[in-house]
Amino acid sequence: MTEIRKKIPKRIAGTVIQSLKGGVVPRIGLPYITVGRKHEIDALLRDVDIIADGGASFRFIVGKYGSGKSFLLQTIRNYVMDRGFAVVDADLSPERRLCGTRGQGLATYRELVQNLSTKTRPEGGALPLVLDRWIAGVKADVAAQGTDPSGAEFSDAVGKRIYSVIASMNELVHGFDFARLLSMYYTADCGGDDEMKAKVLKWFRGEYATKTEARRELGVNIIVTDDDWYEYMKLYAWFLRQAGYTGMMIMIDELVNIYKIPQSVTRNNNYEKILTMYNDTLQGKAKYLGFLMCGTPQCIEDTRRGVYSYEALRSRLQEGKFSRGGVRDLLGPVIRLEPLTAEEMLVLCGKLADIHAQLYGYEERLTDADLELFIRIEYGRIGADSHITPREVIRDFIELADILYQRPDLTAEALLNSDEFEYAKDPLSEQQDAFRTGTPEFAEFHL
């Protein structure tokens, strides 16, 4: 490649290559490989401005497996953390839903809080940092107003400021109890009581199984449950704003796991929870809070089991008469991901070739012509225009780069043009060739 690209630390390069080769999105290094999706990113960042002003937003990101939903989610995650947001994220699974009969909703809450991330703690687990920063920030503000930190008035002034924040939460649902726990944490911090701080953190993480246990250790008669965990998410968003953050973004992936629930009553209960969240954001009942939920077209649009099977959601989310292929309303609640173009994938492969060469310390061998040939082969498959996904192309390209690195005697052109490079001719095209020529292979396939 003739273009000179910036150096990337080997730790990040290794994470990027290994994650993409394994079919997952890396949490670090995304700016080095971000290609396309400019319009989608711009649309989502408009929501960020609304949230920062005290509003709320709710968006669905819809795309096929491997189309880049998770990549877009992680890209937005990095953007908003740079703008002072706290982010919580979770993938749904059979054990983690929005609600359930065996604590699946609480399991999702625990995952979200465990993954609480900020710019200074992007890997998650930022709850203690957030609480300590809040207290330190209040102390710094009081000191900046001229109060001597060594004087007796300082502690009183800090306490008053702390309790003014706490008092502002009392009008919110469960706000009194949430504020009481914050007060306990502050008191324990002042007294150096690390054991009490750990118990309060345990409560915030939803790890108390019964009210009896919470009452014995903390003297409170309430715990986070399957039914009300979302109310505490709204409290977190409000508190984070008071603690100096811009707002909070909740990112939930793999909505398909709700679609897969066999019992219609349980599915509808989960869709009703989504409806509650959606209505809260649009009606102004939530503040400083944004939602991004990702799913496949089937899990959204299927009127028998998908999100659209819940009429109240379908009527709110379904597109109007003017949206069609190539003409999308990116300001609506549902953002549909269109495939990356061949030109965009060519740029991405160039970036990956450079990162691969830096990671393994060799002089890059893939030329512009090699990359163009690779893309022509990938996009020349039967049905590639509608079925190929970035995940498939990336996987194949990294495999190509790996082979060339391990076999210096091979050239990219020879490998790409060889019959042994099996991915260049997929099973579908072989079956269609057999059909056109009437060969026995088709008869066997047809039977």
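Predicted model: local features only at pLDDT ≥ 70, side-chain atom pairs only at ≥ 80, totals over all residues.
1. **The largest pocket.** The largest pocket holds about 710 Å³ of space. Its lining is made up of 37 residues, and those nearest the centre are Val24, Val25, Ser70, Phe71 and Arg391. By class, that lining divides into 17 nonpolar, ten polar and ten charged residues.

2. Helices and strands both contribute here: α3 (69–82), β2 (86–91), β3 (248–253), β4 (289–295) and α18 (390–406) each give at least two residues to the lining. Helix α3 supplies the largest share, with six residues.

3. **The cavities.** You will find three cavities of 30 Å³ or more in the structure. The largest cavity has about 60 Å³ of space, and its lining consists of Ala353, Tyr362, Glu364, Arg365, Leu366, Ala401, Leu404 and Tyr405. Six of these lining residues are nonpolar, two are charged and none is polar. Helix α18 provides the largest share of this lining, three residues.

4. **A salt bridge from helix α2.** The structure holds 17 salt bridges. One of them joins Asp49 and Arg83, whose closest N and O atoms are 2.6 Å apart. Asp49 sits in helix α2 (residues 38–52) and Arg83 in the loop between α3 and β2, so this pair ties together parts that are 34 residues apart in sequence. Both partners are partly exposed: Asp49 has a relative accessibility of 37%, and Arg83 one of 38%.

5. **A network around Lys197.** Salt bridges link Asp132, Asp189 and Lys197 in a network. Lys197 pairs with Asp132 at 3.8 Å, N to O; Lys197 belongs to helix α8 (residues 194–204) and Asp132 to helix α5 (residues 127–144), 65 residues apart. Lys197 also pairs with Asp189, with 3.2 Å between the closest N and O atoms. Lys197 counts as buried because its relative accessible area is 13%, under the 20% cut-off. Asp132, at 31%, is partly exposed, and so is Asp189, at 22%.

6. **Ser183.** Have a look at Ser183 in helix α7 (residues 175–191). Ser183 is buried, with a relative accessibility of 16%. Leaving aside residues up to four places away in sequence, Ser183 touches Tyr163 and Ile166.

How values were computed
Residues numbered from 1 in each chain as written. Heavy atoms only, no water. 1 Å grid on protein atoms, 1.4 Å probe; cavity = no way out; pocket = protein on both sides within 12 Å on 5 of 7 lines; lining within 4 Å. Points joined across faces, edges and corners; volume = space filled by probe spheres on them. Helix = DSSP H or I, 4+ residues; strand = E, 2+ residues; numbered from the N terminus. Nonpolar A, V, L, I, M, F, W, Y, C, P; charged D, E, K, R; others polar. Buried < 20%, exposed > 50% of the residue type's maximum accessible area, 1.4 Å probe, protein only. Contact = heavy atoms within 4.5 Å. Salt bridge = Lys/Arg side-chain N within 4 Å of Asp/Glu carboxyl O.
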